[in-house]
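Please keep the sequence and the structure in view while reading.

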Amino acid sequence: MSMLKIESVKVSYGAIEAVKGVSLEVRKGEVVTIIGANGAGKSTLLKSICGLEPVAQGRIIVDGKDCTGVPAHQRVAQGVAMSPEGRGVFADQTVRENLMLGAYSRRSSGAAALNTSIEREFARFPRLKEREHQLAGTLSGGEQQMLAIARALMSEPRLLLLDEPSLGLAPLIIKDIFDAIRQLRDAGLTILLVEQMAKQALGVAD
């Protein structure tokens, strides 16, 4: 069954057509990867899926529901979350506070449930536990990438979008990141992965 279906999507920046009629499908529990050079439109496509860029033409369907015109915050509630290119952590907030912000759509769940989710992410990324009360802006690039992924997972998505998770990281950290992606895949999470490192991406993709 399809978790994500994109039908002839076009996205433009003024007169520049950044995404030119892309169609793809990601079935539930799959990891699908998009590989391409800088400027190919990969990040723009992900932004259109999560509602950060408007679609000029085409449709985006998540779990059978057309969400083409749905605002980004409502797509989070529908089960879509993204770890963006460049990480985008809240630099002046602690690691724990960043994770809590990732769970904003679940704020009515109660403190116990949110703490359980935070501990789950600390178990997945032990370095974050060690730096729980440290400002995110003082973390290394690899630690910030772990935090960006963990923050996205705090919303308990059914579809996780990962934009260049290896960007600018040391080889050992890249291995840790892709090990985490494998764990998420094995747990049944649906993932759309944008990468330039083809070997690593194809190693985890269906």
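A crossing of two helices is left-handed if the near helix is turned anticlockwise from the far one by less than a right angle, and right-handed if clockwise. The model is predicted, so local features need pLDDT of at least 70 and side-chain atom pairs count only at pLDDT 80 or more, while totals for chains, interfaces and linings use all residues. Residues are numbered from 1 along each chain as its sequence is written, and side-chain values use heavy atoms, with hydrogens and water left out. Helices (H or I, at least four residues) and strands (E, at least two) are DSSP runs, numbered from the N terminus.

**Helix packing**

- Two packed helices are described by the angle between their axes and the distance between the axes.
- Axes are lines fitted to C-alpha atoms, for helices over the stretch in contact, and angles run from 0 to 180 degrees between N-to-C directions.
- The axes of H3 and H6 come within 7 Å and cross at roughly 35°, and this crossing is right-handed.
- In that contact (heavy atoms within 4.5 Å), Val95, Asn98, Leu99 and Gly102 of H3 meet Leu147, Ala150 and Arg151 of H6.
- H3 and H4 (residues 111-124) pack at about 120°, with their axes 10 Å apart.
- H3 and H4 are therefore oblique to each other, given that angles under 35 degrees count as roughly parallel, over 145 as roughly antiparallel, 65 to 115 as roughly perpendicular and the rest as oblique.
- The crossing of H3 and H4 is also right-handed.
- On the H3 side, Val95, Arg96, Leu99 and Met100 meet Leu114, Asn115, Ile118, Glu119 and Phe122 of H4.

**The largest pocket**

- A pocket is an open set of points on a 1 Å grid over the protein atoms alone, where a 1.4 Å probe fits, with protein on both sides within 12 Å along at least five of seven lines; lining residues have an atom within 4 Å of a point.
- The largest pocket has a volume of about 600 Å³, a volume being the space filled by probe spheres set on the points, which are joined across faces, edges and corners.
- Its lining has 20 residues, and Ala72, Val76, Val80, Leu101 and Gly102 lie nearest the centre.
- H2 (72-77) is among the elements that supply at least two lining residues; the largest share, 4 residues, comes from H2.

**Leucine 24**

- Leucine 24 lies in strand S2 (residues 16-27).
- Its C-alpha atom is 6.9 Å from that of glutamate 7, 17 residues apart along the chain.
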